[in-house]
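Open the model in your viewer and keep the sequence panel beside it. The tour goes from one selection to the next.

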Amino acid sequence: MMWDWQELKTMSGDASGVPAVLQQLLHGTYEQRSDAFRALYGKVVNQGDLYTSAAAVTDVILDELRSREYLPDCGWLMLHEIFRSFGCNERIVVNGCAIEIEEYCRGRMLDALPIIENAVANLLGKDFDYAAFLLGDMGEFSNQAIAILEREALRSTGSRLQSARDQLEVAIELAQERKLDNGKGSADLDL
C-alpha cells in the first residue's frame, strides 16, 4: 500500500519526517538504530498509544523483512511495541473501509508469520531476543507464533534458548487467557 506520510499522524503532527528515521532504524549503525527507535517510539507509538503513522511504519518494516529476510534488533523491537499497543479508536481507511489502527497493524504482522518464522531461524543476540518478544505477544492471537517459539526452544542453546523459553511461556499464558476470555471454560490449549 502506498502511504501519504503527510496525511498520517504522529504524536506531534504529520508523519512526513518518519521515512528518514525509518531508514536509520533499518539500515543505520547500532547507535543510529537506537536513536531512531527512541524517536519513533515517542511519535508513532507512545506509552501504548498508536498513531495512524504506525500502519505505514508496520508496512515498511515488514516490506524490509520480506525483501532481506532479516531485520536488525530495533526493527523487531518497533514491531513488538506496535503490536502490543492500542489506537484509542484511531482509524485508517484501506480500500474504502475504515479499520482500527491496532487491528490493521496486528493483522499485517500476523499475516507475516511465515516470513517471520523464516527470519527468526537465523537470528542471534538482541535480534533474536526482540523477535521473540514479538512472537511472545503474538501468542495471544496465534497458535502459529507459539509453534515457532516451541521449535526455536528445541533447537536453541544458551541465552537464545532462555529467550525462546521465556517468550514461549508468555505466549502460552496469553493464549490461555484468550481461550478463557472466549468462553471456552478451560485453560488447556490444543496446539
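**First stop: helix α7**

Select α7: this helix is mostly covered, with 10 of its 14 residues buried. Buried means under 20% relative accessible area, exposed over 50%, and partly exposed in between, with a 1.4 Å probe and protein chains only. This is a predicted model: local features need pLDDT of at least 70, side-chain atom pairs count only at pLDDT 80 or more, and totals for chains, interfaces and linings use all residues. Residues are numbered from 1 along each chain as its sequence is written, and side-chain values use heavy atoms, with hydrogens and water left out.

Helix α7 covers residues 125–138. Helices (H or I, at least four residues) and strands (E, at least two) are DSSP runs, numbered from the N terminus. Color the buried set: D127, F128, Y130, A131, A132, L134, L135, G136, D137 and M138. What do the buried residues of α7 pack against? Their partners are α4 (73–83), α5 (101–111), α6 (113–120), α8 (143–155) and α9 (158–181). Contact here means heavy atoms within 4.5 Å.

Now put a distance on the helix ends. The end C-alpha atoms of α7 are 20 Å apart, which agrees with the 20 Å that its 14 residues should span at 1.5 Å a residue. The expected span is 1.5 Å times one less than the number of residues.

**Second stop: L168 on α9**

Move to L168, in helix α9. Is L168 buried or exposed? Its relative accessible area is 15%, so L168 counts as buried. Show the side chains around L168: leaving aside neighbours within four places in sequence, L168 is in contact with I146, L149 and E150. Then pick A153. The C-alpha atoms of L168 and A153 are separated by 8.0 Å, and the two residues are 15 apart along the chain.

Select α3, residues 53–68. The 16 residues of α3 should span 22 Å at 1.5 Å a residue; its end C-alpha atoms lie 23 Å apart, which agrees. Color its buried residues: S53, A54, A55, A56, V57, T58, D59, I61, L62, E64 and L65.

Step on to E69, which follows α3. E69 sits in the loop between α3 and α4. Its phi is near 55°, a positive value in a residue other than glycine. E69 counts as exposed, at 56% relative accessibility.

Where is N95 found? Look in the loop between β5 (91–94) and β6 (97–100). N95 has a positive phi of about 50°, although it is not a glycine. N95 is exposed, with a relative accessible area of 76%.

**Last stop: the whole chain**

Zoom out. The secondary structure of the chain comes to 9 helices and 6 strands. The radius of gyration is 17 Å, close to the 16 Å that the globule rule gives for 191 residues, so the chain is as compact as a globular protein of that length. That radius is taken over C-alpha atoms, and the rule is 2.2 Å times the number of residues to the power 0.38. Along the principal axes, the C-alpha atoms fill a box of roughly 45 × 40 × 25 Å.

Color by burial: 48% of the 191 residues count as buried. Then draw the contacts. Of those with a separation of 6 or more, 65% join residues 24 or more positions apart.
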